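Please keep the sequence and the coordinates at hand.

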Amino acid sequence: MGADVRVVGIAGGSCAGKTTLARALAERLGDDVTYLAFDEYYRDHGHLTVEERALVNYDHLDSLDHELFLEHLDDLVAGRAVEVPVFDFATHCRTDQTRTLEPRALVVADGILLFAVSGISERLNLSIFVDAPEELRLARRIYRDIRERGRTAESTQAQFAATVAPSHRLFVQPFREGSDLVVTGEGDPRPVVEEILARLA
């Protein structure tokens, strides 16, 4: 790991508040932060039919291109810019576009399954687990999926019961206790940001 670049990892359940916290941290530190979202590294499913794509378990480790994610994380730590894939959650496909991320003094990475991927925890200077009750996470997910992903409440609830909740128990919750910091995903994230900065000082 580069001596001048530090990496903060934020994990937790679906819609626990990880991205809200990551963005609040990025807003607080401005140009000193690179925000790397694991959600953008879903594998492309363009070779499948629309019906088949809907059956993929997007809450399983296999659904994410963790090899490319680790490569990009290492590049950012080494001071190299990366081209992040752009994933379309409505079609479950990668687009033809990429997004350039420049290296900064602090890399903030977030993702549901972040701590479950071999090799990521060893690259972190600080690991943060965002905790929130299942009822709140489900309510937030229904709201988000209807607004942003063209879903229905019924389909979101069915997916939550079939794959999200079981995967949470297998790949997310077990990493809570080993995290450097466990924070709440409820309420204003700004006090949590200050706690993180105190840990990094």
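A residue is called buried when its relative accessible area is under 20%, exposed when that value is over 50%, and partly exposed in between. By that cut-off F38 is buried, because its relative accessible area is 1%. The model is a predicted one, and every value here is computed from it.

A pair of aromatic rings is described by the distance of the centres and the angle of the planes. The structure holds three aromatic pairs. One of them joins F38 and F69, with 4.4 Å from centre to centre and 40 degrees between the planes, and the pair is classed as tilted. F38 sits in the loop between β2 and α2, whereas F69 belongs to helix α3 (residues 66-77), so this contact ties together parts that are 31 residues apart in sequence. F69 has a relative accessibility of 0% and therefore counts as buried.

How are the rings of Y41 and F69 arranged? Their centres are 5.2 Å apart and their planes stand at 90 degrees, so this pair is edge-to-face. Y41 is buried because its relative accessible area is 0%. Taken together, F38, Y41 and F69 form one aromatic cluster.

Side chains of opposite charge can pair when their charged atoms come close. The structure holds 13 salt bridges. In one of them, the side chains of E40 and R99 meet at 2.3 Å, N to O. E40 lies in the loop between β2 and α2 and R99 in strand β4 (residues 93-101), a pair that links parts of the chain 59 residues apart. Are the two partners buried or exposed, or in between? E40 counts as buried, because its relative accessibility is 16%. R99 has a relative accessible area of 33% and is therefore partly exposed.

A further salt bridge connects E67 with R43, and the closest N and O atoms of this pair are 3.0 Å apart. E67 is in helix α3 and R43 in the loop between β2 and α2, so the bridge ties together parts that are 24 residues apart in sequence. E67 is partly exposed at 44% relative accessible area, and R43 is partly exposed at 26%. These two residues also belong to a network of salt bridges that links R43, D65, E67 and R94.

Elsewhere in the chain, R176 and D131 meet through their side chains in a salt bridge of 2.7 Å, N to O. R176 lies in the loop between α5 and β7, and D131 in strand β6 (residues 126-131), so the pair ties together parts that are 45 residues apart in sequence. R176 counts as partly exposed at 23% relative accessibility, and D131 is partly exposed at 24%.

Rolling a probe the size of a water molecule over the atoms shows where empty space is left. The largest pocket has a volume of about 1200 Å³. Its lining counts 50 residues, and C15, D39, R144, E148 and R149 are the closest to its centre. Which elements supply at least two residues each to this lining? They are α1 (18-29), β2 (33-37), α2 (50-55), α4 (134-148), α5 (153-172) and β7 (181-184). Helix α4 gives the most, with seven residues.

C15, one of the residues closest to the centre of the pocket, is buried because its relative accessible area is 15%. C93 likewise counts as buried, at 12% relative accessibility. How many disulfides does a search of the whole structure find? The search returns zero.

Terms used: Residues numbered from 1 in each chain as written. Predicted model: local features only at pLDDT ≥ 70, side-chain atom pairs only at ≥ 80, totals over all residues. Heavy atoms only, no water. 1 Å grid on protein atoms, 1.4 Å probe; cavity = no way out; pocket = protein on both sides within 12 Å on 5 of 7 lines; lining within 4 Å. Points joined across faces, edges and corners; volume = space filled by probe spheres on them. Helix = DSSP H or I, 4+ residues; strand = E, 2+ residues; numbered from the N terminus. Disulfide = S-S within 2.5 Å. Buried < 20%, exposed > 50% of the residue type's maximum accessible area, 1.4 Å probe, protein only. Phe/Tyr/Trp six-rings, centres within 6.5 Å; stacked < 30°, edge-to-face > 60°. Salt bridge = Lys/Arg side-chain N within 4 Å of Asp/Glu carboxyl O.
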